[in-house]
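I opened the notebook to go through this model region by region. The entries below follow the order in which I looked things up.

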Amino acid sequence: MSSMYERCMKVMPPAAGRSTKLGIVSAKGCYLTAEDGKEYLDFASGVAVCNIGHNHPKVVEAAKKQVDQMIHGGHNVVYYESYVRLAERLVELTGGDTMVYFSNSGAEANEGAIKLAKHYTKRPAIIAFRDSFHGRTLGTVSITGSNSLYRKYYEGLMPSVYFAEYPYLYRSPYKEEGWKPYIDRLEEMFHTLVDPEMVAAIIMEPVQGEGGYIVPPKEFVQEVRRICDKYGILLIFDEVQTGMGRTGKLYAYEHFGVRPDIWTSAKGIASGFPLSAVIARKEIMETWNAGAHGGTFGGNPVACAAALATLDVLTKDGALENAAKMGEYFRGKLDQLKEQHDCIGDVRGLGLMLAMEIVDETGAPDKAKTTEIVSKALEEGLILLTCGTNKNVVRFIAPTIVTEKEIDKAMEILEKIL
């Protein structure tokens, strides 16, 4: 019998690219089981979607119960309990002064955030960052700066988009000057490219994902907040990958001592069910009049029920605390590995959003070696992903329920490969 991979290649276009050829028949916790019966330790987590592990029993139970009650009602038609309760819960968890709009995907949420910022400010321009990733729709690919392939053949894109430099200090062109030159370049844009009174929003990932799991200095993020306040610009955080416990906090902005005006949540929000959210200050949301935004499937009842269960596991069952604790443990192990191998140029991350940058003997990005590490890890039963604009960063996206035993198993595989 043909494998799932072979069957898929006959009926689906190559646009749906995959990092493995695995056909999976079941999933539980930190593990996937392939069609040949082999078990894999999954440190990809469905690209930061299964943040509390695969098929968490509380999520499965909540989804099954909701399926029996109602699968779809249409949030443009009626109200239903899981939808309303999830919005209430998110407002409670984000300060009590917010409102929430539900969509289906991260890209859709980011589209909504951009529309909300433009609608509220009545300004046309958006500032994004180089090496960013916000989605693949025409709007979100317009503010994505990590790979020209995503934009190829789709020009022209959304106008009035400008790109600032993100503080990738490991490869900074500013030597030992730290984060301040990046703020200087951002301020210069207001003199040379776009007047600040024309800018609706600055959108940024509080930790860059696709760009290489780059953590900006806290002071840089605070300066961006200051600049936004100075010019009446809204600050949008794309928390699609960084949210829902990934960094050891419910949302990554909590690490930086700032609060965005608008932020987006997706991926891990419903443990695999399609759901996303635009969250913003109430006074901004209240101006978003009926018909200004919409969508048929946003806030699906089953997805909302799964999200409520996911939040319970994170905030009541200790998964958030475990993410912080295991993130520190895992980071320590990676730092030790770096001391032993010159090919690891940098180790970075927050919580369980961790990465190691692979370099050659000159310190240049080594894409080939990175690909080899990930490939050999897969052979050993460990699923990893790469990232970075040079594809030379190995990222580790372990579930928030991960244990020392599973981290040690992953480290044994890495040590064997290296």
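Which residue forms a salt bridge with Glu-283? I found that the partner is Arg-281, with the closest N and O atoms 2.2 Å apart; I took a salt bridge to be a side-chain nitrogen of Lys or Arg within 4 Å of a carboxyl oxygen of Asp or Glu.

Before going on, I noted that this is a predicted model, in which local features need pLDDT of at least 70 and side-chain atom pairs count only at pLDDT 80 or more, while totals for chains, interfaces and linings use all residues. I also noted that residues are numbered from 1 along each chain as its sequence is written, and that side-chain values use heavy atoms, with hydrogens and water left out.

I then noted one network, in which salt bridges that share partners join Arg-85, Glu-88, Arg-89, Glu-92, Asp-312 and Lys-316.

By the salt-bridge rule the count comes to 21. One of them pairs Lys-58 with Asp-317, whose closest N and O atoms are 2.7 Å apart. Because Lys-58 lies in helix H3 (residues 57-69) and Asp-317 in the loop between helix H10 (301-315) and helix H11 (319-340), this pair ties together parts that are 259 residues apart in sequence. Helices (H or I, at least four residues) and strands (E, at least two) are DSSP runs here, numbered from the N terminus. Both partners came out as partly exposed, Lys-58 at 38% and Asp-317 at 43%.

I also looked at Arg-185 and Glu-188, whose side chains meet in a salt bridge at 2.9 Å, N to O. The two are three residues apart in helix H7 (residues 180-192), so about one helical turn separates them. An α-helix has 3.6 residues a turn, so residues three or four places apart point the same way. Arg-185 is partly exposed at 27%, and so is Glu-188 at 36%.

Where are the buried residues of H13? They are Glu-406, Ile-407, Ala-410, Met-411, Ile-413, Leu-414 and Ile-417, and they lie on the same side of H13 because they cover an arc of only 160° around the axis. The face turned away carries the exposed residues Lys-405, Glu-412 and Lys-416.

**Strands**

I traced an open sheet of four strands in the order S1-S2-S3-S13, with mixed pairing. Strand S1 (24-28) and strand S13 (382-383) stand at the edges with a single partner strand each, so one side of each is left without a neighbour in the sheet. S1 pairs with strand S2 (residues 31-34) in the antiparallel sense over four bridges; two strands count as paired if DSSP finds at least two bridges between them.

Elsewhere, strand S4 (residues 98-103) has five of its six residues buried. S4 pairs with strand S10 (residues 276-281), again antiparallel, over six bridges, and the bridge partner of Val-100 in S10 is Ile-279.

I placed Tyr-153 in the loop between H6 and S6, where it is exposed at 71% relative accessibility and has a positive phi of about 75° although it is not a glycine. Gly-156 lies in the loop between H6 and S6 as well, and a cis peptide bond with omega of about -5° joins Glu-155 to Gly-156.

My last entry is Ala-48 in helix H2 (residues 45-48), a residue other than glycine with a positive phi near 65°. Ala-48 is buried, with a relative accessible area of 1%.

Note on methods. Buried < 20%, exposed > 50% of the residue type's maximum accessible area, 1.4 Å probe, protein only. Arc of directions from axis to C-beta.
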